[in-house]
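Please read the following briefing alongside the sequence and the coordinates.

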Amino acid sequence: MNENLGFFMSGDFMSFINKLHVEPQPGTNKRKLISSLVYASEGVYVVIEKGFVTDYASIPRVLWSIFPADAGDTRRPAVLHDWLYANHQGLNRTCVDMMFRKALKEEGASLAKRWLMWSAVRTFGWRFWHEN
């Protein structure tokens, strides 16, 4: 088993340390971080740098009425996931997707939403992982 995966599956407490501050990018559905966002877990920190551009969750427009791409309980987890897909930071894709699912739980997303979003990134995320 990957040593990183074991850490994230161990049930350690994870949390975002600060609020998400973004500004819209004109003519797109993207947002740019105007301050860093920090996610921590027992001494392991992910710092998503100011200036990073995200589209939050890449949810097809046809599903936005059910799962809005910018729902409050998915914003920070989606930014974390986008950042780690762009900057692997020595983590494998399975580990990053598990972090996403756990971050969704921490943010209060329902079990159904967590499972559907995690299933979507496990099924379709490989296309984006290999691009980076």
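A contact here means heavy atoms within 4.5 Å. On that basis, residues 24 or more positions apart account for 56% of the contacts in the protein chain with a separation of 6 or more. The model is a predicted one, in which local features need pLDDT of at least 70 and side-chain atom pairs count only at pLDDT 80 or more, while totals for chains, interfaces and linings use all residues. Residues are numbered from 1 along each chain as its sequence is written, and side-chain values use heavy atoms, with hydrogens and water left out.

**Overall fold and surface**

- The protein chain contains 5 helices and 6 strands, where helices (H or I, at least four residues) and strands (E, at least two) are DSSP runs numbered from the N terminus.
- Read from the N terminus on, the elements of the protein chain follow the order α-β-β-β-β-β-β-α-α-α-α.
- Of the 132 residues of the protein chain, 41% count as buried, a class that means under 20% relative accessible area, with exposed meaning over 50% and partly exposed in between (1.4 Å probe, protein chains only).
- The accessible surface of the protein chain comes to about 7400 Å², and 56% of this surface belongs to carbon and sulfur atoms; accessible areas come from the Shrake-Rupley method with a 1.4 Å probe, and for residues only the protein chains shown count as cover.

**Aromatic rings**

- A search of the whole structure finds 3 aromatic pairs, given that rings of Phe, Tyr and Trp (its six-membered ring) pair if their centres lie within 6.5 Å, with planes under 30 degrees apart counted as stacked, over 60 as edge-to-face and the rest as tilted.
- One of these pairs joins Phe16 and Tyr39, whose ring centres are 4.7 Å apart with planes at 55 degrees, so the pair is tilted.
- Phe16 in strand 1 and Tyr39 in strand 4 (residues 37–41) are 23 residues apart, and their pair links distant parts of the chain; both Phe16 and Tyr39 are buried.
- Phe52 and Trp83 form an edge-to-face pair, at 5.1 Å centre to centre and with 85 degrees between the planes.
- Because Phe52 lies in the loop between strand 5 (44–48) and strand 6 (53–54) and Trp83 in helix 2 (residues 75–86), this pair ties together parts that are 31 residues apart in sequence; both Phe52 and Trp83 are buried.
- Arg101 lies over the face of Trp118, at 4.5 Å from the ring centre, where a charge sits over a ring if NZ of Lys or CZ of Arg is within 6 Å of the ring centre and within 35 degrees of the ring normal.

**Salt bridges**

- Side chains of opposite charge can pair when their charged atoms come close.
- The whole structure holds 5 salt bridges, each defined as a side-chain nitrogen of Lys or Arg within 4 Å of a carboxyl oxygen of Asp or Glu.
- Asp73 forms a salt bridge with Lys113, with the closest N and O atoms 2.9 Å apart.
- That pair links distant parts of the chain, since Asp73 is in the loop between strand 6 and helix 2 and Lys113 is in helix 4 (residues 111–124), 40 residues apart; both Asp73 and Lys113 are buried.
- Glu107 and Arg76 meet through their side chains in a salt bridge (2.7 Å, N to O).
- Here too distant parts of the chain are linked, with Glu107 in the loop between helix 3 (93–106) and helix 4 and Arg76 in helix 2, 31 residues apart; Arg76 is buried, at a relative accessible area of 19%.
- Within helix 3, Arg93 and Asp97 are 4 residues apart and therefore separated by about one helical turn, and their side chains meet in a salt bridge (3.7 Å, N to O).
- Arg93 and Asp97 are both buried, and a network of salt bridges links Arg93, Asp97 and Arg122.

**Surface patch and loop positions**

- Ile17, Tyr45 and Val47 form a nonpolar patch on the surface, with about 310 Å² of accessible area together.- Patches are made of residues with over 30% relative accessible area and no salt bridge, like charges being joined within 9 Å and nonpolar side chains (Val, Leu, Ile, Met, Phe, Trp, Tyr) within 5 Å.
- Ile17 is found in the loop between strand 1 (15–16) and strand 2 (22–24), and Ile17 is exposed, with a relative accessible area of 53%.
- Gln89, in the loop between helix 2 and helix 3, has a positive phi of about 55 degrees although it is not a glycine, and at 43% relative accessibility Gln89 counts as partly exposed.
- Thr28 has its place in the loop between strand 2 and strand 3 (31–33), and the C-alpha atoms of Thr28 and Asp55, 27 residues apart along the chain, are separated by 8.7 Å.
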